[in-house]
Amino acid sequence: EPLLDAARSAPSPETRLALCREAVQQFPARPESWFELGLALQAGHRPAEAANAFARVLQAAPGAAPVWTNLGAALTDAGQPLQALQALDMAVSIDPALAAAETNRAVALRELGRVEEALAACERALALAPDDPAALSNRSTCRLLLGDLEGGFSDYENRWRIEPGLSQRRDFDVPLWLGEGEVAGKTVLIHPEGGFGDTINFCRYAPL
């Protein structure tokens with residue numbers, strides 16, 4: 001489909017979304033059009049609309065595990081983790097080998113406060129895809145919430161491999177200091193990478 005091909009290679013998110021909307025208008029019965037629209041809405045941080053688009057796909061293709069997975073992610077982003085978990089359970093029941101479904105289940109479970117279950121979902125995802133940065137990053141959050149600081153911060157380095165970290169990483173022309181070696185008489189560059197809350201919380205450790 002030329003419209004969808006053009007959308008996938010669109011130069012901007014706005015153009016991609018416009019082309020997907022046009023595809024849906026021209027071919028409303030095609031699940032592919034609604035799926036691409038859902039992806040474009042997800043990328044544009046419009047999760048509720050994305051969830052509606054994925055639901056339209058599932059009307060025609062209820063056995064599509066990846067679509068259930070995307071629906072679950074959209075519902076989590078829309079603040080509906082319980083509904084998200086139901087969608088992701090459906091994805092896993094259809095395709096138990098779909099690592100992304102377990103990764104997204106972990107996020108939904110974490111949002112529901114079921115952190116130990118979320119960690120188990122991360123481990124299942126990593127058994128299927130051992131080097132998946134999203135699963136490792138999610139495991140980081142779970143480990144930190146459960147008090148496993150060493151394991152959690154080790155996994156946390158994977159934040160640089162996925163968005164928004166992928167775009168925000170700053171490359172300084174100096175070695176990374178990991179707490180080893182003497183820094184007396186040297187300069188340590190400190191920069192924020194999270195929100196203001198993280199910056200305020202952790203800047204107190206700079207003198208130490």
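These legends describe close-up views of one predicted protein model.

Residues are numbered from 1 along each chain as its sequence is written, and side-chain values use heavy atoms, with hydrogens and water left out.

**Figure 1. Overall fold of the protein.** The protein has twelve helices and zero strands. Helices (H or I, at least four residues) and strands (E, at least two) are DSSP runs, numbered from the N terminus. The C-alpha atoms fill a box of roughly 70 × 40 × 30 Å along the principal axes. Of the 208 residues, 36% count as buried. Buried means under 20% relative accessible area, exposed over 50%, and partly exposed in between (1.4 Å probe, protein chains only). The protein exposes about 12400 Å², with carbon and sulfur atoms supplying 56% of it. Accessible areas come from the Shrake-Rupley method with a 1.4 Å probe; for residues, only the protein chains shown count as cover. Among contacts with a separation of 6 or more, 39% join residues 24 or more positions apart. A contact means heavy atoms within 4.5 Å.

**Figure 2. Salt-bridge network around Arg139.** Glu123, Arg139, Arg143, Asp148 and Asp155 are linked in a network of salt bridges. A salt bridge is a side-chain nitrogen of Lys or Arg within 4 Å of a carboxyl oxygen of Asp or Glu. By this rule the protein has 15 salt bridges. Arg139 meets Glu123 at 3.3 Å, N to O. That pair links distant parts of the chain, 16 residues apart: Arg139 in helix 9 (residues 133–145) and Glu123 in helix 8 (residues 115–128). Arg139 is buried, at 13% relative accessible area. Glu123 is partly exposed, at 34%. Arg143 and Asp155 form a salt bridge at 3.0 Å, N to O. Arg143 lies in helix 9 and Asp155 in helix 10, so this pair ties together parts twelve residues apart in sequence. Asp155 is buried, with a relative accessible area of 5%. Leaving out residues up to four places away in sequence, Arg139 touches Leu119, Cys122, Glu123, Leu126 and Asp155.

**Figure 3. The Arg114–Glu117 salt bridge.** The closest N and O atoms of Arg114 and Glu117 are 2.9 Å apart. Arg114 is partly exposed, with a relative accessible area of 32%. Glu117 is partly exposed too, at 37%.

**Figure 4. The largest pocket.** This pocket holds about 1900 Å³ of space. On a 1 Å grid over the protein atoms alone, a cavity is a set of points where a 1.4 Å probe fits but cannot get out, and a pocket is an open set with protein on both sides within 12 Å along at least five of seven lines; lining residues have an atom within 4 Å of a point. Grid points are joined across faces, edges and corners, and the volume is the space filled by probe spheres set on the points. The lining comprises 36 residues, of which Leu176, Trp177, Leu189, Ile190 and Glu193 lie nearest the centre. Helix 10 (149–156) and helix 12 each supply at least two lining residues. The largest share, four residues, comes from helix 12.

**Figure 5. A nonpolar surface patch at Phe172.** Phe172, Val174 and Leu189 form this patch, with about 260 Å² of accessible area together. Patches are made of residues with over 30% relative accessible area and no salt bridge: like charges are joined within 9 Å, nonpolar side chains (Val, Leu, Ile, Met, Phe, Trp, Tyr) within 5 Å. Phe172 sits in the loop between helix 11 (165–168) and helix 12 (196–203). Phe172 counts as partly exposed, at 34% relative accessibility.

**Figure 6. Surroundings of Ala51.** Ala51 belongs to helix 4 (residues 47–60). Ala51 is buried, with 7% relative accessible area. Residues up to four places away in sequence aside, Ala51 touches Leu71, Ala74 and Leu75.

Figure 7. Most residues other than glycine have a negative phi, and most peptide bonds are trans. His45 is not a glycine, yet has a positive phi of about 60 degrees. His45 is in the loop between helix 3 (31–43) and helix 4. At 70% relative accessibility, His45 counts as exposed. The peptide bond from Glu163 to Pro164 is cis, with omega near 5 degrees. Pro164 is in the loop between helix 10 and helix 11.

Definitions and conventions
This is a predicted model: local features need pLDDT of at least 70, side-chain atom pairs count only at pLDDT 80 or more; totals for chains, interfaces and linings use all residues.
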